[in-house]
Amino acid sequence: MEETSREAVATAVQRVAGMLQRSDQLDKVEQYRRREARKKASVEARLKAAIQSQLDGVRTGLTQLHSALLDVKDIQGSLADVSKDWRQSINTIENLKDVKDAVVQHSQLASAVENLKNIFSVPEIVQETQQLIEQAELLQAHRKLMELECSRDDLMYEQYRMDSKNTSDMNLISIYFEDVQALSDELAKQLWMVLQRSMVTVRRDPTMLVSVVRIIEREEKIDRRMVDRRKQTGFIPPGRPKHWKDKMFQVLEHTVSTRIEGTQAVTREADKMWLVRLLEITRKYVVDDLIIVKNLMVQCFPPHYNTFNRFFGLYHAAVSARVKELTSEDLEANEIVSLLTWVLNTYKSVEMMGHPDLFSECDINKLEPLLPKEVVDHLLSKYIQTFTLNITGWLRKALETDKKDWHKDSEPEADQDGYYQTTLPAIVFQMFEQNLQVAAQIDGEFKTQVLKLCLKQMNSFLIRYREEAVTYKEEHLQNRQLPQCYVHYMIAIINNCQTFKESINSLKRKYSQSSEPTESDAAIDKTLSDVAKDGCQFLLDEVFLDLEHHLNELLTRKWLSGSHAVDTICVTVEDYFNDFNKIKKPFNQEMTKEALRRVVVEYIKAVMQKRMSFKNADERREGAERMIREADQFKFLFKKLAAGEDTERLCGAITAIAEVFKLTDPTLLFLEVTTLVSKYPDIREDHIQALLAVRGDASREMRQMIIGTLSENKVTSSASSQPVFRDIPVPTISMTTMTSMATSKLLK
């Protein structure tokens, strides 16, 4: 209490300090005091009211407890009186035991008298019931059967009550009514037969199905009543409970399963499309049957049966079981695709379980998958394995067919733009397209997987394609007259690479969900580029094989005396490139550039081989002028062939060399050579030595001075300029050759 008082005082001090922080607030002290007094009076009033309320409640509780105590005393007195009366009546109850036994016996006799008529008429009722069953009057037959069973059960119950251990009398009753159980079994068979044909029955005679359901419902009620009586008395009639309702659902389930299993009309041996037919028949049966259930059968069953959903589940379970059976068979690749497409797409589509006539009655999203994921994955894996083997065989066969075309005597076909091509790309990508369309029917992930496999197989195929192209070239070199259309089909092979690339990009745009390039894409692009470059190289080799003789004439005495080698070279190149125009871009442009480069390199190589050396200034002038004219010929030809911007630079190398030869003043030779080196910095010392040797008038001291000065002032090659002299070799001259040349000069 003291601590509480101190806290209250401290709080009050803080509040007062807060109110009197400024001097002008002292005038309001009286006002603050009155306000705090009012608050205190209000709080005290609320406390008094609360305490008064608590006191009133306690007073009321005490009054009620006092009343309850008086009531308990009254009850206690009443219980004492009842106990006294019960003790006095025990003897009286024991004296009434004989009367009680007489009442029980009278009740049994009364029941026996009441059932005597039925007991004596049992054979007649049995016969009538049998006739009603045979006449399909099931309701009437069941009414008679219930009468018989009621008589039998009542007799057995009375016998059980009178002497439950008297089995002989029970057996006697059972033997007398033994035909009743046979009638029950016969009626049950008729009920199950009607249920088995329920899809037909509900359309022809729905009242028959209604009667069956009513009978089963009656039996269910009797079963429940007998089970309840057994709990009270321990007695239950023979054959009870019958569980006909459970049996009804079992029959319906078996009927649905049998209907689904019976859809296979043919086998694979009789019809390759057997699975497609089976699945289509199954789809039609399921949809038709469920529509019948919705429109007709639902009205024949009580609402609490939830008939449509029950049948919907039965058909789903039956189809699932049937599909699992199919997966255990040795399915082919196309059959796996047909089955998975049907399972994953068709089944839940508007064509089947999502049919507009059924959509309002069920939620297809709640259906369990027809096949477990592991089974689907196993089938997809099996399909991939089979597809891999098949596509490898298809590609090998397509390549073999294309190779046969390469040896034909007629030119290959051309497309609408006039470019040579073969049917190989169309065949290959038609196969890919068909399989990807099939894969897309299953799902997007599997489609992507098949696309990756196609691209992987494509890369392997292109490697074999390159090897076959090399073999084709080697066979041709053994006899250049065969095949007759070697050049044309090599052009087609090059064009096929471009077609392959375009087709691959088309497939990726159409079937790939990702636009990011992959390692497989890079590998395919490289292989296609290698095949095309090899083809272009093979064609250029073919050209230069024809030019070899004429190239050997360059920079020889025969050439200097007026050879037509360059004219022949230009005509031959132009003739070949009339065919090379059938090559698609960019390969035709690259090939033209390479042809120009090789012609120029071969020309310069002829210079570097020092096939001749000029004897005097007239020969140098004549040779230089001839080289300039021939460089202009090459320039004109390759500009005509659209060799590109390198034409001037490459042909200019021949002109620059000619200027070195054409120079009349040897003292200016260093400047001319320096100009050549500045234009073509990749030229080497041995190249300069060869040029000076061909010129024929440069002394040993001059050559050493030029080479030494150039070595000291070496020009750095520009990375942007294409090298011309780098790959041109200069043959070494042996001492014997040098002696022979010197002797030849002395003799002259």
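Helices (H or I, at least four residues) and strands (E, at least two) are taken as DSSP runs and numbered from the N terminus. The model is a predicted one, so local features need pLDDT of at least 70 and side-chain atom pairs count only at pLDDT 80 or more, while totals for chains, interfaces and linings use all residues. Residues are numbered from 1 along each chain as its sequence is written, and side-chain values use heavy atoms, with hydrogens and water left out.

Pro 586 sits in the loop between helix 21 (565-580) and helix 22 (587-608). The bond that joins Lys 585 to Pro 586 is a cis peptide bond, with omega at about 0°. Another cis bond runs from Leu 482 to Pro 483, with omega near -15°, and Pro 483 belongs to the loop between helix 17 and helix 18. Most residues other than glycine have a negative phi, and most peptide bonds are trans.

Ala 136 is not a glycine, yet its phi is positive at about 65°. This residue lies in the loop between helix 4 (122-134) and helix 5 (138-162). With a relative accessible area of 35%, Ala 136 is partly exposed; the scale used here calls a residue buried under 20% relative accessible area, exposed over 50% and partly exposed in between (1.4 Å probe, protein chains only). Leu 555 also has a positive phi, about 55°, without being a glycine. Its loop is the one between helix 19 (519-553) and helix 20 (557-560), and at a relative accessible area of 2% Leu 555 is buried.

The loop that holds Pro 483 also holds Arg 480, between helix 17 (444-478) and helix 18. Arg 480 counts as partly exposed, at 29% relative accessibility. Setting aside neighbours within four places in sequence, Arg 480 is in contact (heavy atoms within 4.5 Å) with Glu 542, Leu 545, Asp 546 and Tyr 576. Glu 542 is 62 residues away along the chain, but its C-alpha atom and that of Arg 480 are separated by 8.9 Å. With Asp 546, the side chain of Arg 480 makes a side-chain polar contact of 2.7 Å. A polar contact here is a pair of N or O atoms within 3.5 Å; within protein, one must be able to donate a hydrogen and the other to accept it, and residues adjacent in sequence count only if both atoms are side-chain atoms.

Next along comes helix 18. Its 26 residues (486-511) should span 38 Å at 1.5 Å a residue, and the end C-alpha atoms are 37 Å apart, which agrees; the expected span is 1.5 Å times one less than the number of residues.

Thr 422 is found in the loop between helix 15 (373-406) and helix 16 (424-442), where it is buried at a relative accessible area of 10%. Beyond neighbours within four places in sequence, Thr 422 is in contact with Asp 402, Tyr 489, Ala 492 and Asn 496. Its side chain has a polar contact of 3.0 Å with the side chain of Asp 402 and one of 2.8 Å with the side chain of Asn 496.

Helix 13 (residues 333-346) has 14 residues and reaches 18 Å from its first C-alpha to its last, close to the 20 Å expected. This helix is mostly covered, with 10 of its 14 residues buried; Trp 342 and Glu 335 are among them. The cover over the buried residues of helix 13 includes helix 11 (274-295), helix 12, helix 15 and helix 16.

A cavity is a set of points, on a 1 Å grid over the protein atoms alone, where a 1.4 Å probe fits but cannot get out, and lining residues have an atom within 4 Å of a point. Helix 8 (198-204), helix 10 (244-261) and helix 12 (307-327) are the elements that give two or more residues to its lining. Helix 10 gives the most, with 4 residues. Thr 255, one of the lining residues, has its place in helix 10 and is buried at a relative accessible area of 18%.

Note on methods. On a 1 Å grid over the protein atoms alone, a cavity is a set of points where a 1.4 Å probe fits but cannot get out, and a pocket is an open set with protein on both sides within 12 Å along at least five of seven lines; lining residues have an atom within 4 Å of a point.
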